[in-house]
Amino acid sequence: MATEKTYAEINAKIKAGKAVVLTAEEVISLVAEKGVSRAAREVDVVTTGTFSPMCSSGAFLNLGHSKPRIKMQKVWLNEVPAYAGIAAVDAYIGATELPEGDPANSNFPGEFRYGGGHVIHDLVAGQPVKLKAVSYGTDCYPRKELETHITLADINEAVLFNPRNSYQNYNCAVNLSSKTIYTYMGVLKPNLGNAHYCSAGQLSPLLKDPNFLTIGLGTRIFLGGGVGYVAWNGTQHFPGWQKDSEGNNYGPAGGTLAVIGDLKQMKPNWLVGTSYFGYGASLTVGLGIPIPILNEEVMRFASVTDTDLCAPIVDYGEAYGQRIPGNLGYASYADLKSGTIKVNGKEVPAAPLSSYPKAREIAAILKEWIQKGEFLLTEPVQKLPSPKDGLTANTLEIRV
Amino acid sequence: MSPKKIVLRFGGDISDKPIIYHLAKDYDLVFNIVKANVDPQKEGTMVLELTGEKYDQGLAFLQSQGVKVQPLTEEVIINKEKCTSCGACTALCPTGALYLHRPSMEVDFNGDDCVVCQLCLKVCPVRAMEVRF
Ligand code: SF4
Ligand code: SF4
């Protein structure tokens, strides 16, 4: 009889300390040995993980009321502007925001040593952060400026809310041009000098549930070392299957997640301020998602390997920046992890930007939480758009 | 006189010239090539141990040939606490001093292969590479 399990049944086993939990890496060998049917029967949860720079990240902070009160109109945290166009002492600090007066790329390539992601990291690490705010003054909020120090413990709420995280898949970036380029995919040497990819491949959450059978609104996840939730689909969520002109399938791509969680319980080693030489500042986010093995179909996807999953190879020397469609072919994560791929007939050294060892560690931590009965699974309150919805990107036209 | 360690950096235009040969022949210097690296664009780095009476003249000759000479007093180290094993440095480090263990994908650093070009200090997204004087 085909396996069918419910969330309630799996949670009952977790509470009883009897759930069988494997990481997305461990489950591969089990399925290879016993087959999908038996593995689906035996395993209750598969845990995934990823640890990558995720630029679309930030935190909502409620800074508390000073005496006299101020309606903060502009806010800076360690000189990095935070968006304050919401209620009096609420602000949003975005990961890629740069300090006021940062030379950015004026002395090319810029170093981007500090930014919003670093502010978030400092807060989570318990460091005092300098707060500056200005306002125009009102009868109810008379103060016009303020300068003080805050810590994460002092302020009221701090909520990490990342509008686009956990990219299902990502480009493998190369450079066909004749000069070195500095991108969000790292430094790319001219004439196919190197190839950079950015995914945990077979450990990466959305590559293991490509049809969004279990990951949906309200899914409880590992976020930044604490517990978070899937809040919505991410921005630019266009899940689908990669196909070439002959119809060959190169695995899933295009899905993203918006995630949310209490910053106060997160850990500085899982939210790390990040600098991309010549590109900008960001935040490296640790994220892990449990996949309940409800049936064989879920297990089949959860056990796919680096050989089945591929990244499209894209030229960042020209094609990416100029939005020229197409790619230079696909490379499997197995090939990428071997250290060399072939592009246009040339052997190109390949390196990751996303930490596979940290992804493995996240999947293992999540596994431990579940095994200890500390972390229960949640059934999505609403499904997310999946490949069958056929979402595609709108482009921005320049109208004059 | 004990040998001094120096780093030579040279551009593509001079990497073909027999400058090291001249150091030995014209200046009687005894050298030991500790590390040498020439990357695809032919920009090279070489770490030499050098001894001899005409040491200063030898260095002046190198500089006259457009070679940048620097005493090797700096050392690059990895801060293991900070390094996330992301791998972003591994295809860029010109000597393979920063490399990935496969298939574990853990990043490791072998200081013996490092030519102190300091590229990793700039490209490491989390500033895990540090220079020590
Ligand atoms: S300084 Fe860094 S990039 Fe340069 S050789 Fe040493 S480890 Fe490699
Ligand atoms: S780029 Fe930095 S963090 Fe990444 S592997 Fe290299 S040293 Fe470690």
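Two strands are said to pair if DSSP finds at least two bridges between them. Keep in mind on this tour that the model is predicted.

**Stop 1**

Select residues 21-23 of chain A, which form β1, and then residues 45-47, which form β2. How do β1(A) and β2(A) pair, parallel or antiparallel? They pair in the parallel sense, over 3 bridges. Show the side chains here and you will find A:Leu22 opposite A:Val46 in β2(A).

The open sheet has the order β1-β2-β22, and its pairing is mixed.

**Stop 2: a sheet of four strands**

Stay in chain A for an open sheet with the order β6-β5-β8-β9 and antiparallel pairing. Which strands stand at the edges? They are β6 (80-82) and β9 (145-150) of chain A; each has a single partner strand, so one side of each is left without a neighbour in the sheet. From one strand to the next, the twist averages 25°.

Zoom in on β8, residues 129-134 of chain A: 6 bridges join β8 to β9(A), and the two run antiparallel. Here A:Leu131 faces A:Thr148 in β9(A). Then select helix α3, residues 116-124 of chain A, which packs on this sheet and touches β5 (74-77), β6, β8 and β9. Its direction makes about 120° with that of β8(A).

**Stop 3: the largest pocket**

The largest pocket has a volume of about 1,700 Å³. To find its centre, select A:Tyr167, A:Tyr170, A:Asn171, A:Gln236 and A:Tyr320, the closest of the 46 lining residues. Strands β3 (50-53), β10 (158-165), β17 (240-243) and β23 (310-315) of chain A each supply at least two residues of the lining. Colour the lining by type and you get 25 nonpolar, 19 polar and 2 charged residues.

**Stop 4: ligand 2**

Finally, move to ligand 2 and the residues around it, including B:Cys83, B:Cys86, B:Cys89, B:Cys124 and B:Met129. How many residues of this shell are charged? There are none: the shell divides into 8 nonpolar and 3 polar residues.

Note on methods
Residues are numbered from 1 along each chain as its sequence is written. Chains are lettered from A and ligands numbered from 1 in the order in which they are written. This is a predicted model: local features need pLDDT of at least 70, side-chain atom pairs count only at pLDDT 80 or more; totals for chains, interfaces and linings use all residues. Side-chain values use heavy atoms; hydrogens and water are left out. On a 1 Å grid over the protein atoms alone, a cavity is a set of points where a 1.4 Å probe fits but cannot get out, and a pocket is an open set with protein on both sides within 12 Å along at least five of seven lines; lining residues have an atom within 4 Å of a point. Grid points are joined across faces, edges and corners, and a volume is the space filled by probe spheres set on the points. Ala, Val, Leu, Ile, Met, Phe, Trp, Tyr, Cys and Pro count as nonpolar, Asp, Glu, Lys and Arg as charged, and the others, Gly among them, as polar. A residue is near a molecule or strand if one of its heavy atoms lies within 4 Å of it. Axes are lines fitted to C-alpha atoms, for helices over the stretch in contact, and angles run from 0 to 180 degrees between N-to-C directions. Contact means heavy atoms within 4.5 Å.
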